[in-house]
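Please look at the sequence and the structure shown here before reading the report, and keep both at hand while you read.

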Amino acid sequence: QTNPPDEHAFRVFKCGDLFENFIANYIEGERQVLCEEEEVKGFADIVREDEVIEIKSKHSYFFNHLKKAVEGGETIYNIIRHHFLQNGYYAWKLGKEFVHIILITKDTLLINDYIKPTKEIVPDLEKEINNLMYYWDNDELPEAKPRLFNGKECQYCPFMDKCFKLEGKKI
């Protein structure tokens, strides 16, 4: 890691945990279920009989962005695709029929939730995994090409400085 999270980031993570626990206390299911394979390790927030639930806390400006994007014709799946892929992986590996994303605003406590059949996400997951495995198997680094947040994803990456140096970019 070249850009480890700072104190502020750890406070934000802790705040997210508090919101997750607040919501999870009202939902029956197994909490923090480990999903681990050689290539992937993660924890599903809540696993129920037919679904895996992922709880994400957001600022209200994200909800405003979400509303405008949907009004502009964008799909929820494309807007929060990264969350669907993360949770979809857990649902797929745990054999659950549905992926359930719960979003809560940190400042107004507005809650929205979205459910999608796991089988509709699996083709995207397979494509992502195959792409990653290509680079892993060939001992290559993929092109540093941010795909989230209109390219602003780099600012959240713990390898940003290293990546920029490899590409000859200024830090």
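Predicted model: local features only at pLDDT ≥ 70, side-chain atom pairs only at ≥ 80, totals over all residues.

The report below goes through cysteines, a lysine, aromatic rings and charged pairs in turn.

## The model and its cysteines

A disulfide is a covalent bond between the sulfur atoms of two cysteines. In this structure the number of disulfides is zero.

## A buried lysine without a salt bridge

Which strand holds Lys58? Lys58 belongs to strand S3, which covers residues 51–58. Lys58 is buried and yet has no salt bridge, since the nearest side chain of opposite charge, that of Glu54, is 9.8 Å away, and a salt bridge requires the nitrogen and the carboxyl oxygen to be within 4 Å.

What does the side chain of Lys58 make a polar contact with? The partner is the side chain of His83, at 2.9 Å. Once the neighbours within four places in sequence are left aside, the residues in contact with Lys58 are Phe63, His83, Leu103, Ile104, Thr105 and Lys106.

## Aromatic rings

A pair of aromatic rings is described by the distance of the centres and the angle of the planes. A search of the whole structure gives seven aromatic pairs. One of them joins Phe62 and Phe63, whose ring centres are 6.4 Å apart and whose planes stand at 85 degrees, so this pair is edge-to-face. Phe62 is buried because its relative accessibility is 13%, and Phe63, with 7%, counts as buried for the corresponding reason.

Tyr134 and Tyr135 also form an edge-to-face pair, because their planes are at 85 degrees, with the ring centres 5.1 Å apart. Tyr134 has a relative accessibility of 42% and so counts as partly exposed. Elsewhere, Tyr89, Tyr90 and Trp92 come together in one aromatic cluster.

## Salt bridges

Side chains of opposite charge can pair when their charged atoms come close. How many salt bridges does a search of the whole structure find? The search finds six, and among them is the one between Glu51 and Arg48, in which the closest N and O atoms are 3.3 Å apart. Glu51 has a relative accessible area of 9% and is therefore buried, while Arg48, at 33% relative accessibility, counts as partly exposed. Another salt bridge joins the side chains of Glu120 and Lys116, with 3.0 Å from N to O; here Glu120 is partly exposed, with a relative accessible area of 43%, and Lys116 is buried, with a relative accessible area of 19%.

A further salt bridge is formed by Arg81 with Asp124, and the closest N and O atoms of this pair are 4.0 Å apart. Arg81 counts as partly exposed at 22% relative accessibility, and Asp124 is partly exposed with a relative accessible area of 22%. Arg81 and Asp124 are also linked with Glu128 in a network of salt bridges.

Conventions: Residues numbered from 1 in each chain as written. Heavy atoms only, no water. Disulfide = S-S within 2.5 Å. Helix = DSSP H or I, 4+ residues; strand = E, 2+ residues; numbered from the N terminus. Buried < 20%, exposed > 50% of the residue type's maximum accessible area, 1.4 Å probe, protein only. Lys, Arg positive; Asp, Glu negative; His and termini not counted. Polar contact = N/O pair within 3.5 Å; in protein donor to acceptor, adjacent residues only side chain to side chain. Contact = heavy atoms within 4.5 Å. Phe/Tyr/Trp six-rings, centres within 6.5 Å; stacked < 30°, edge-to-face > 60°.
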